[in-house]
Amino acid sequence: MMAKSNGKKLLEVSGLTMDFGGLRAVDSVGLDIFEGEIVALIGPNGAGKTTFFNCVTGIYEPTAGEVLIHPPGGTSKRINGMKPNSITTLGMARTFQNIRLFPAMTVLENVMIGRHCRTSTTILDAILSSRKAAREEKETIDKSYRLLEKVGLANEADEFSRNLSYGAQRRLEIARAMATDPFLLLLDEPAAGMNPQETHDLDELIVRIRKEDKLAILLIEHDMKLVMSISDRIYVMEYGKEIAQGTPREIKENPRVIEAYLGEEAHA
Amino acid sequence: MDFEYLFELLCGGVVKGSIYALIALGYTMVYGIIQLINFAHGEVYMIGAFVAFIVAGILTLTGYSGLTVLVLAAVVAVIYAAAYGYTLEKIAYRPLRNAPRLSPLISAIGASIFLMNYVQLAQTPDFLPFPELVSDFDFMEPISRYLSSVDLVILIVTTVTMIALTVLIKYTKIGKAMRATQQDQVMARLVGINVDRVISATFIIGSVLAAIAGVLIASRTGQINSAIGFMAGLKAFTAAVLGGIGNIPGAVLGGLVLGIAETLGAGYISSAYEDVFAFGLLVLILILRPAGLLGKAVKQKV
């Protein structure tokens with residue numbers, strides 16, 4: 001809870017509701033993230049976690065509720081209903097549960113594309129091959145290489161992204177998201193399908209990103225060991241509702257959470 | 001067999017095909033990005049030719065050399081066509097972005113008919129003589145037997161344009177954004193790409209290519225009218241499908257194959273059936289290889 005008392009609020013979601021026809025996928029959920037925090041959003045399958053992400057990142061327009069972001073050094077903004085590219089430009093980036101890289105582009109290009117919204121070269125600069133275009137291109141490549149080194153993929157820079165191993169593709173997604181210079185990174189099940197070694201590496205990577213890049217991270221994750229070891233705070237959802245929030249220790253002991261998870265086990 | 005004659009036909013086919021390819025690129029790029037067949041694309045080509053006609057008509061009076069006039073006319077035509085392409089997307093397609101797929105297609109056909117009739121009313125329905133701007137220059141004896149000087153200009157311009165397009169798509173920022181948008185539009189937005197601007201840019205680039213093709217063809221055939229966009233558009237669309245729609249090298253290949261098939265058919269059988277060979281080839285490809293020569297069967301992600 002240390003971060004909560006000291007840090008500045010970055011994301012403030014209140015009363016977020018999303019209906020699909022008659023189905024209420026997310027029901028009045030609130031969530032706050034403070035500077036430098038790692039926050040986990042957990043819950044049984046179908047609890048509405050990914051829908052929550054989609055509402056916050058602009059893929060869906062929420063039926064009701066408020067999504068406010070407070071960029072460090074910028075002005076606060078209400079972002080519901082904004083287009084995803086505008087939200088990314090404001091400083092929020094995400095990855096997907098099922099990997100969504102650009103398969104026919106190289107690893108390096110996948111990261112470079114993330115720099116798109118941070119560079120100002122226009123088509124005219126490119127045609128006239130201006131000095132500005134050349135300088136920006138070089139900066140983009142340098143920065144992209146640094147990110148690839150960070151996630152351990154610098155040697156695969158010229159591979160097509162579809163040829164990478166599963167774990168490597170996930171790390172590339174993180175590098176691409178970070179290329180957009182976010183202050184808040186949303187990771188949707190980053191450890192899904194990874195083996196224990198890969199999960200361990202990911203654990204380290206996330207903690208390192210927070211420390212070195214001063215990012216706040218919100219992640220959806222099913223791997224409880226990972227969640228409990230790296231999160232500062234945890235929110236729990238079930239059937240679209242938020243049923244608990246607190247530190248990992250508080251969550252572990254929360255009877256409502258235990259019931260939700262045991263309930264899920266009984267179904268499985 | 002008369003190889004001399006065959007070679008002459010092949011050269012003619014390549015010239016014709018490279019122009020088809022230039023127009024086909026516009027179809028295929030737009031299709032690749034928003035899965036729309038832009039039926040008004042042929043009209044943009046026609047407008048390019050008309051603007052060049054008007055500009056050339058004025059400039060010839062000033063006494064500049066033919067090639068200078070051609071270049072200046074082409075530049076103005078390109079700017080005009082780019083503006084038309086941009087506006088067309090804004091008015092006819094963007095409001096229908098989330099509509100069922102048939103709606104923008106109907107809108108495209110409507111836009112095509114509108115533009116054709118608009119030029120017919122504003123200018124004339126008659127054929128107009130396009131000035132001869134490329135005078136014969138003396139190049140090496142063996143080539144001149146097969147290619148006219150206009151043909152040579154066409155080959156050079158189309159080759160340079162296609163190389164420039166390849167560089168643009170492969171190495172520039174907008175090119176990367178276009179490829180990303182083509183592969184996954186939602187994800188492109190999520191990495192911060194303004195997809196609407198990428199789509200506008202695609203229309204502009206496609207229109208620029210069409211206008212260049214318009215100027216080149218007009219100076220080769222020596223006449224234009226408001227209806228030339230229809231057949232050229234249809235042929236270029238055929239070329240794009242032939243090569244695999246959405247596939248950029250495919251559009252070039254499709255254009256060349258189509259151009260060569262037409263000239264061979266016309267040269268050996270009958271020039272009256274030129275169009276029959278073009279569309280017959282399309283039918284054949286669609287039966288044998290529905291995805292086109294370089295196209296891949298689409299896998300639908302669920």
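1. In this predicted model, B:Ala81 has contacts with B:Val44, B:Ile47 and B:Gly48, and also with B:Ser207, B:Val208, B:Ala210 and B:Ala211, leaving aside residues up to four places away in sequence.

2. B:Ala81 also belongs to the largest nonpolar core, a set of 171 residues; the members that touch the most others are A:Leu184, B:Ala49, B:Ala52, B:Ala81 and B:Ile212. The element contributing most to this core is helix H9 of chain B (residues 195–221), which supplies 16 residues. From chain A, domain 1 (1–91 + 182–268) and domain 2 (100–181) each provide at least three residues to the core.

3. Chain B comprises 12 helices and two strands, in the sequence order α-α-α-α-β-α-α-α-α-α-β-α-α-α. The C-alpha trace of chain B extends about 60 × 50 × 35 Å along its principal axes. Buried residues make up 51% of the 302 in chain B. Of the contacts in chain B with a separation of 6 or more, 78% join residues 24 or more positions apart.

4. At the interface, 25 residues of chain A contact 20 residues of chain B. On the chain A side, helix H3 (84–90), helix H4 (107–114) and helix H5 (123–127) are the elements that give two or more residues. That side consists of 11 nonpolar, nine polar and five charged residues.

5. Chain A has a mean pLDDT of 88, with 95% of its residues at 70 or more. Over residues 1–5 of chain A, however, pLDDT stays under 50, and the model has seven contacts beyond four places in sequence for this stretch. Where pLDDT is low, predicted coordinates should not be read in detail.

Technical notes
Residues are numbered from 1 along each chain as its sequence is written. Chains are lettered from A and ligands numbered from 1 in the order in which they are written. This is a predicted model: local features need pLDDT of at least 70, side-chain atom pairs count only at pLDDT 80 or more; totals for chains, interfaces and linings use all residues. A nonpolar core is a set of buried Ala, Val, Leu, Ile, Met, Phe, Trp, Tyr and Cys residues joined through C-beta atoms within 7 Å. A residue is buried if 20 or more other C-beta atoms lie within 10 Å of its own, exposed if 12 or fewer, and partly exposed in between; C-beta atoms are placed from the backbone. Helices (H or I, at least four residues) and strands (E, at least two) are DSSP runs, numbered from the N terminus. Domain bounds come from an automatic or database domain assignment. Two residues are in contact if their C-beta atoms, placed from the backbone, lie within 7 Å. Ala, Val, Leu, Ile, Met, Phe, Trp, Tyr, Cys and Pro count as nonpolar, Asp, Glu, Lys and Arg as charged, and the others, Gly among them, as polar. pLDDT is the predictor's confidence in each residue, from 0 to 100.
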